[in-house]
Amino acid sequence: MMVAWMHFEQSAILTVHNHVITRNPRISVTHDKHDRHRTWYLHINNVHEEDRGRYMCQINTVTAKTQFGYLNVVVPPNIDDSLSSSDVIVREGANISLRCRASGSPRPIIKWKRDDNSRIAINKNHIVNEWEGDTLEITRISRLDMGAYLCIASNGVPPTVSKRIKVSVDFPPMLLIPHQLVGAPEGFNVTIECFTEAHPTSLNYWTRGEGPIIHDSHKYKVEASVGLPAYKTHMKLTIINVGSGDDGIYKCVAKNPRGETDGIIRLYVSYPPTTASTGIYSTDSHWGENGINGNYAYGGSDSTRSIYTPDKNTRYQSNLNEIGLSEQKSFLDKTQNPMVANGIASGEDAESGGQNPSVAIAWLLITMPTLLLTIRTAVGSSSRLSLC
């Protein structure tokens, strides 16, 4: 009795009895000596994908007997880099198509995910957590879509494999200026700031008006910090010990290969009010009392402050509360006299019970400074006077 093994799909005889016919070194044959050579075994070492198929064992008797067996070879997934997308750079607003080709047995399933687990915007109306298919298409890509995408191939045979594709979205610089008008008291430090977005990373710098680039010095401190995402940058310029010469326009500028933009910040320096020379009243400035009119926050003179105000015409304000009591009493005595009050208001003469108009006018001219000052003092008790 002779036993032969064949690969049915390939129509190839592999072994005859104890002899290996094929030249494949991975093939061997054995039999069980204890059961009178009734059991024969075909061995395939280091199985390859091409070994898949039907195998036939044939016994060479008067009436040949055959038996079939099927060998299924599973292959873990493998991503073909030559047929898959690599890192890509695209302009904002364009459409992109990412490809991922993988082999394996069974045929692998391909899914797309973002490396940071954020959602994938297929288009503005279709946003998903993951996408299945050999191709990922994104319509009108934006800077928010920038990042790494993972192509993941799996077929139930470990290990699962993935490919990382980095998508870069280029766009010209953009600027955000939180405060375009900044005020600071003389002698303080003030910090102005701009926020930029750009890709590729922009060259960022400060100028004063149309002047040269500002560098670090005893007068200026220039800072820039990268934000999240990395295409964002926070620009800061600190002006030390501001004075009258620091008034004016400052520009933050951002440039990259896609374009250039700049933003303007106007700085004005304010000075504390001084004591009036008339001797009638003095201004009472309120440094350190939570600012003036709630727009300022001051600390020590060596601290850095950003001073903001909504109106470029705003100036420091103070109360006029230092008017002498004697002037106030004198005015109140006069205004409480019905005759005097009636004469000023109606212009009646002495014959109708009022003051002589000429006397009233003369008195008004003489007392006008005190009258105006006292009226302002009365108003100052509930509001403040703007000094320009």
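This is a predicted model: local features need pLDDT of at least 70, side-chain atom pairs count only at pLDDT 80 or more; totals for chains, interfaces and linings use all residues.
An open sheet is built from 5 strands in the order 3-2-1-6-7, with antiparallel pairing. Its edges are strand 3 and strand 7 (65-71); each has a single partner strand, so one side of each lacks a neighbour in the sheet. In general, the strands of a sheet are paired through backbone hydrogen bonds, in either a parallel or an antiparallel arrangement. Between strand 2 and strand 3 the antiparallel pairing extends over 2 bridges. In one of these strands, strand 3, His-19 is the bridge partner of Val-16.

The loop between strand 2 (12-16) and strand 3 (19-20) contains His-17. The phi of His-17 is positive, at about 55 degrees, although the residue is not a glycine.

Asn-117 belongs to the loop between strand 12 and strand 13 (120-123). The relative accessibility of Asn-117 is 61%, and the residue therefore counts as exposed.

Two cis peptide bonds are described next. Ser-105 and Pro-106 are joined by a cis peptide bond with an omega of about 0 degrees. Pro-106 is placed in the loop between strand 11 (102-105) and strand 12 (109-114). A cis peptide bond also links Pro-158 to Pro-159, and here omega is about 5 degrees. The position of Pro-159 is in the loop that runs between strand 17 (147-154) and strand 18 (161-176).

The largest nonpolar core comprises 22 residues, of which Leu-98, Trp-112 and Leu-136 touch the most other members. Two or more residues of this core come from each of strand 10 (96-99), strand 12, strand 13, strand 16 (135-138), strand 17 and strand 18. The greatest contribution is that of strand 18, which supplies 4 residues. Another core, of 18 residues, lies apart from the largest one; among its members are Ile-177, Val-190, Tyr-220 and Met-235.

Note on methods:
Residues are numbered from 1 along each chain as its sequence is written. Side-chain values use heavy atoms; hydrogens and water are left out. Buried means under 20% relative accessible area, exposed over 50%, partly exposed in between (1.4 Å probe, protein chains only). Two strands pair if DSSP finds at least two bridges between them. A nonpolar core is a set of buried Ala, Val, Leu, Ile, Met, Phe, Trp, Tyr and Cys residues joined through side-chain atoms within 4.5 Å.
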